[in-house]
Structures are given as C-alpha cells and as structure tokens.
Amino acid sequence: MATATLKGNERPTIGEFFLRAPAVGPALALLVAIVVFSLSTDTFLDLDNLSLVVQQSLVVGTLALGQTLIILTAGIDLANAAAMVLATLIMAKLVVGGVSGIWALLLGIVATVVIGMVTGSLVTRIKLPPFIVTLGLLTVLTAAAKLFASGQAVPVADSLLKWLGTRRYLFGGIPITYGMTLALLMYLALWYALTRTPWGKHVYAVGNAPESARLSGIKVNRTILSVYIVAGVIVGIAAWQALGRVPNADPNAFQLGNLDSITAVVLGGASLFGGRGSVLGTMMGALVVAVLRSGLTQLGVDALYQDVATGALLIGAVCVDRFARRQQS
Amino acid sequence: MRQRSLLALTLAAAVAATSVGACTVERHWGGGSNAGGGGKAKVGLVTKTDTNPYFVELRAAAKAAAEANGAEFNALAGQFDGDNDGQVRAIENLMQQGANTILITPSSSTGVLDAIDRARKAGVLVIALDTATEPDTAVDATFATDNFEAGRQQGAYVKAVLAGKPPKLFMVDGTAGSTVDTQRHTGFLKGIGLTDASPEIKGKTPANGDQSLAQQGVENLLQRTTDINAVYTMNEPMGRGTYAALQARGLVNQLVMGSIDGGCEGVKNVRDGQYAATVMQFPKKMAEQGVLAAVEYAKTGKKPSGFVNTGSAVITDKPIPGVESQDTKWGLENCWGTK
C-alpha cells in the first residue's frame, strides 16, 4: 500500500502520511461525522441504530470490495451492480422454480463469475479499456435482467437466500446480522490476500506500473484476469447480501450501485489511476456514506442536500489525494 | 510547522462543525415507543422519489395536514423508481426516530414487504398510498386510486368518441410489469372492449413513464403504420411525448387520445387540445386521509383497514353522453402540481 518512501531520518510530511496510510483520511471523516451526529441527535448514538447503519452499507460495501480490486489494477467496473441485480433474479427465479436455495445461490455466483471472466478476457486479450467494456455490459446486463424477469420483481421466500439479513445475534449489546459477519470476514480475507500474499503484491504492481511488473516476471494478464474473477465472486455474494436486505429481486433496483461503490472506494483513499488503495480504506469509505445518510436523515436534511454533501465529500477526498501527491513530489 | 497548522485547522473545523450541528439543528423527534394510542401522532412518509411533481404534491399535502392536526411529520424517499433498498432504509430510519405511523408509496408492490412487516410488528400503523402492495394485507390499509377503474374510464371515453367505429389502437405503456401499469392497461382494454390479443391493437411500446422515451417509441411505431384512430397513454408525460410524435406526422386530428394523472400540466394539455381526455387522480386526498388516520391511531389506537378508493374523474372539454366527466375549468381547480 505504501508508495511513498522516506529519505533518511526525515519526519514524514502530512502528504506522505496520507499516502502511506490512505485509510486515515476516511477514518477521520468517519470519526468527525459520528461525533457530530451523536451530539446533534439523540437517536444516532444508539446501539440498534449503529447496527442499522452498518446493515445499510453492506450491499454497497460488498460491491465496493470487488471494485477496490479492479480500481487497484487501474480499471473500473460500471457493471457490477447490474451483474448483481441479474444474479439476484437468477437466484430468486431458480428458487421459485423449485431449485434448492444452496444451488440457486451457487448458480447465481457462477453467473457473476462468468461475467467477470468475460470482462477480464476482453480487457486482457483484446486490450479494451475496462471503462468501455463495463459500460457496454451495464447496458447489456440491465436489459438482460429486465428480459429475464419480464420486468417483474420476484419475491424471495427461501430462508438461505434471506439468511444474511434475517439471522442475528447480540455482540456486546449490538445486534449483529450474519450479513455483517460475512462482510467482515470478506474484508479480512481480502486484506490478508492483498497485503500478505504474492498475489496481492502482484495486483499492486500491475496497477502501479504494468510494464515494470511485466519486466520483473509478473504475469500481468493472468493477474488482471484473476482480479476480475475474484471480483465476480464478490459481486455474487453482494447479490446474496442484497436479498438478505430486501428479499425481493427487482430488475429496477440498484441503478446507482456502480457509482455508489466507486464513491466508497475513492473516499477510501484509492487512486483511480491504479496501484493505490486499501481494503480498510474502502470499508471506511462505505461507512462514511452510510453514516452521512443516516445522520443527515435523522437531522431532517433533505435527500437532495445529502447528495450534495456526499458529492462534495468525494471531491474533497480527491483534493486530499492530489495535495498528498504534490507534497510527495 | 506546516504540519502543525494543518492539524490545528482540521481540529478547529471539526469543533466548529460539531458545535454548529449541536446548536442550530432542528430536532425532529426522539426515540421511544412506536405503538399508537394516547399520544401524539408521529407520521413518516416514504415516497418512491422526492422529485416527481406527483410525490411533491403528496408530500406537501401530508405535511400541511400534519401541521393542521398537530402531528409531527418527516418525509423520506427512494432515490429512483425501483429503489427498494432506499425505501427499506427510510422505513428503518423512521422507526428509529419513533414514528408511530408510516405512509408509504411502495416502489414495487412486493419490494419492501419485509421491512413493512417489521414495522407493523413493532406496533407502527402502515398505510400504503397510491400503490397497493401484493398481497394487500401486507399493510393495514391502502388509500389509492383504483387504477383499473381509471384505465377503464379512459377506455370507455375513447370508445364513446369512436362512436361504433372499430378502434385502431396504439398503447404507450409505463414500466413493464409494474402493478399500476398493469392495472391501467387492463382497465383501458376492458373499457374499450378489447383484449391484449385483439388485432385492433396496432402497436404497443413501453416508455417507463418518460416523455422522450414515449416520443421515440411512438415515432418507431409510426414507421410501421400511421393508420390509427385511438391512442392510450399510461400517464401525462408520456401523453406529451406521444403528442409530439403524432404531431410531427400530422396525425393528431385523425385520432382520439387519452391519458391518466390529472396533473395541472396534463389538464392544460387537454384544454389546449393535445389529447381529448385525462383521468384525474387525487394524491392530496390520499395524503390527507393518511394523516387523519395516523392522528386517530395515535389518539385511540384504532387502525383503518382495507382498500380505500380515493376516486378518479374524467377531465375533458368534449363531453360524451353516457360518460361522466368534468371540464378543464373544474380540472384546473382540482389538479395537482403547479397551477
């Protein structure tokens, strides 16, 4: 994650500090937001509400995890939410058709993995820009979901598909759903994979400087393809999370999911030019958005002003990134 | 040096933001029990979006009714039509804030049933406005336009204008599969005396309720045939798009077109002759009756039940014997949106 290097015994400048720990900025923003909302409302700092905020961020937070991987390779995925919606419909329709929940779940995930493989192959073999590939796929998958569902929403009754949202236990008085637990495990697993394994180092290297990565013996194409496949698995699990939250597969749902996931990743300190970003930062980024929405709602702030605030925060985050980079150079 | 000043600035900003937040922000309501009976009404409204003029009217009417009846009021919405996740979030946040009645126009008739169920189990009165849920027993009561009946009225009017001539019909539909779309569509066919398989239907296009999509869709249909004498549009923005396409081909005088909604702009369209009739709905009534039910529930714990039809009326300046209607003057007095 660290791209800045320290010369001798010099103390790091603020810029270097932010570059070395990209999650610090969003963590600070999160802290400030929580303090402000806790003081200005008496409903925000409530264990049930805090749990709720996390539950509300789960789908975008999971999508953002896959998005982080792709953005690390200097790519972008505009079709992740569309693929997820298609997967929710596949799962729901299979269950309605009599298939057991576990098979429906697995086949839904297989579908998103196949979509990931197609995207990855187009990006690596034909060298198409990820922006174009996923823009095209966004249209294709959205239409496919509507065709597949004949425009109708499909209610989900299967207990396994709803499991992530309905099953909960108490941890220190805080209600924790299985969806929250799974998301945490996924974040931990990916954090480990990215920071402690050769694969993770390859992902960063490929995003930073593909040519040098290739010269140092990293199989660039294979690494990028693997990223799209892993992201495909994550999108499939996001579909499961979505059904846990709203047990109703709707072809019109999550129209902004792709942009929300990009927002979370960028707020988390990742660079859209690749090679810089972290799983922890993305988690903070997703939580910042959810905390803002929840807190501002409880203050009675109009939803459109909430959009203004989120957008301004995003631009602010990129400004911090620029500032940090200029300090470094 | 630079580092320290930046840190100081950040801290100062944080403190300022905190104190401003604490001092000037108007609190809506605190947490507490959601159950009704013997208390003050805390009404939450959840609409599909908060930018559509129809929902703006619904919200304004609910807010006015809440103020007139001493009820607390908070309105939330999804970000786009179909944003089930956003509506579930809104329900959760309203419950968190202690609402004892939630009025909701569900984005999809099955989308938010789970969250509604949770709210009702917590003692919250839930009333569907405008759009019914499936099953309708998922909510305590539904205050809405009977959309099948609104469609039927439009179909009956168009049939009466055709005066026995066999219809040659274009149908401009809303979002494929949505409940309201289906009810209006089938109601219209019933009113005009056709079925989906009738050869009298010369073309259908879904346009998601959107004006420019409707225009494109009808332009494309007109490439196939211009031999039509009747047009169904599912709402007024699509009626305007359809009119633009028909006008460009010089067809507007050879046909009768109807729409549904009763927005002030739509009534003016009827007055100016863009289409022959529109069927008005009454979002203000839905909102007011919803708030009154909330006040009643908070006072006595009594819940309304079942489907309450808030009515619909044909608006036209070319009345036809046998079809009950109002003129556009009446329409402009009773329409919703900017007059």
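Cys264(B) and Cys335(B) are joined in a disulfide, with their sulfur atoms 1.9 Å apart. Keep in mind that this is a predicted model. Counting over all chains gives 1 disulfide. After that, we'll hop over to strand β3 of chain B, which has buried residues on both of its faces.

**The disulfide**

- A quick reminder: a disulfide is a covalent bond that links the sulfur atoms of two cysteines.
- The torsion about the S-S bond of Cys264(B) and Cys335(B) is about 90°, so this disulfide is right-handed.
- Cys264(B) sits in helix α9 (residues 264-271) of chain B, while Cys335(B) is in the segment after α11 (328-334) of chain B, so the pair ties together parts that are 71 residues apart in sequence.
- Cys264(B) is buried, at a relative accessible area of 2%, and Cys335(B) is buried too, at 5%.
- Over in chain A, Cys319(A) has 45% relative accessibility and counts as partly exposed.

- Strand β1 (residues 42-47) of chain B runs parallel to β3(B), and 4 bridges join the two. Here Val43(B) stands opposite Thr101(B).
- Strand β4 (residues 125-129) of chain B also runs parallel to β3(B), joined by 4 bridges. In this pairing, Leu103(B) is opposite Ile127(B).
- To get from β3(B) to β4(B), the chain passes through helix α4 (residues 113-121) of chain B, making a right-handed β-α-β crossover.

Key
Residues numbered from 1 in each chain as written. Chains lettered and ligands numbered in written order. Predicted model: local features only at pLDDT ≥ 70, side-chain atom pairs only at ≥ 80, totals over all residues. Heavy atoms only, no water. Buried < 20%, exposed > 50% of the residue type's maximum accessible area, 1.4 Å probe, protein only. Pairing = 2+ DSSP bridges. Right-handed = clockwise from strand over helix to strand, strands pointing away. Disulfide = S-S within 2.5 Å.
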